[in-house]
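Hi,

Here is the model I promised to pass on. Have a look at it first, and my notes follow below.

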Amino acid sequence: MKKILNLVLFSLFLFPTSLLAGPPYDTDDPVPVDFHHWEFYCSSVGFVNENTVVSTAPHIEVNYGPFHNVQLHIITPMSYVTDKEKSAYGYGDTELGMKFRFVNRDSGRFQIGVFPLIELPTGNANKDLGSGNTSIYIPIWIQKAIGKWTSYGGGGYWINPGKGNQNYEFVGCQTQYQIIKSTSIGCEAYYVTASQIGGKGDFRFRLGSVIDFNDYHHLLFSIGRSIIGDTNLQWYLGYQLTI
């Protein structure tokens with residue numbers, strides 16, 4: 001039973017969050033990295049359920065804009081899983097993706113984009129450090145900005161093969177406010193349907209902030225939990241370098 005719980009938590013942790021989506025939130029936005037610019041993240045995300053902890057410690061995310069309105073994306077995680085009986089640490093599943101903004105390409109206030117992702121089974125599934133299967137996520141994201149307020153949301157469909165698994169959906173929204181030039185605060189709510197046969201969905205809420213030390217260095221963090229579901233605690237803590 002513990003092994004099944006680990007796998008459920010791991011799939012909920014890695015896949016619908018896109019590791020990570022729009023850090024420090026799970027819901028993403030349609031805005032790609034600027035043309036010929038880079039984003040680098042060194043971060044940790046994690047979930048706690050009863051006596052089980054699943055996290056990255058850390059993961060590295062790299063985004064690059066090879067063309068206008070296009071972003072290439074990779075996440076390479078070191079994963080950690082522990083419960084009362086055992087723990088494991090090692091390289092997890094690799095995430096690859098490409099974001100494409102097709103509405104308001106000139107960074108207008110209303111924007112729409114897609115961000116398909118593929119999760120490669122590079123982690124050791126026998127140690128619960130990977131899923132053991134290739135999964136694909138197909139989402140669409142919409143964003144609207146008015147003054148100091150920005151809101152984005154959308155959802156997508158996960159193709160989730162493997163014994164006992166089933167395809168599932170993610171839908172979420174996020175709103176943030178620029179309280180001062182260097183700091184924004186935000187809140188997010190999202191729902192993930194069951195990723196395993198006989199499982200149940202999870203409705204979560206979180207609060208977060210992004211602090212810009214300057215144009216290059218940024219601190220991102222958020223914390224939340226399930227409103228309906230078994231996640232007692234989830235977090236994101238990361239450093240971002242933009243060039």
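Is Glu50 buried or exposed? Glu50 is exposed, because its relative accessible area is 58%; buried means under 20%, exposed over 50% and partly exposed in between, with a 1.4 Å probe and protein chains only.

Before the rest, some housekeeping. This is a predicted model, where local features need pLDDT of at least 70 and side-chain atom pairs count only at pLDDT 80 or more, while totals for chains, interfaces and linings use all residues. Residues are numbered from 1 along each chain as its sequence is written, and side-chain values use heavy atoms, leaving out hydrogens and water.

Back to Glu50, which sits in the loop between S1 and S2. Helices (H or I, at least four residues) and strands (E, at least two) are DSSP runs, numbered from the N terminus. The phi of Glu50 is near 50°, a positive value in a residue other than glycine. The hairpin there has 2 residues between its strands, S1 and S2.

Now for S1 itself, residues 38-49. Of its 12 residues, 9 are buried, so S1 is mostly covered. S1 runs antiparallel to S2 (residues 52-67), with 10 bridges joining them; strands count as paired if DSSP finds at least two bridges between them. In that pairing, Phe40 stands opposite Val62. S1 also pairs with S14 (residues 233-242), in the antiparallel sense and over 10 bridges, and there Gly46 has Trp235 as its bridge partner.

Together with Phe40, Tyr216 and Ile243, Trp38 makes a nonpolar surface patch of about 380 Å². Patches are made of residues with over 30% relative accessible area and no salt bridge, joining like charges within 9 Å and nonpolar side chains (Val, Leu, Ile, Met, Phe, Trp, Tyr) within 5 Å. A salt bridge is a side-chain nitrogen of Lys or Arg within 4 Å of a carboxyl oxygen of Asp or Glu. Areas come from the Shrake-Rupley method with a 1.4 Å probe, and for residues only the protein chains shown count as cover.

A few backbone points to finish. Asn69 has a positive phi of about 70° although it is not a glycine. Asn69 lies in the loop between S2 and S3 (70-82) and is buried, at 10% relative accessible area. There is a cis peptide bond between Pro23 and Pro24, with omega about 10°; Pro24 is in the loop between H1 (2-14) and S1. Ala57 to Pro58 is also cis, with omega near -10°, and Pro58 is in S2.

Cheers
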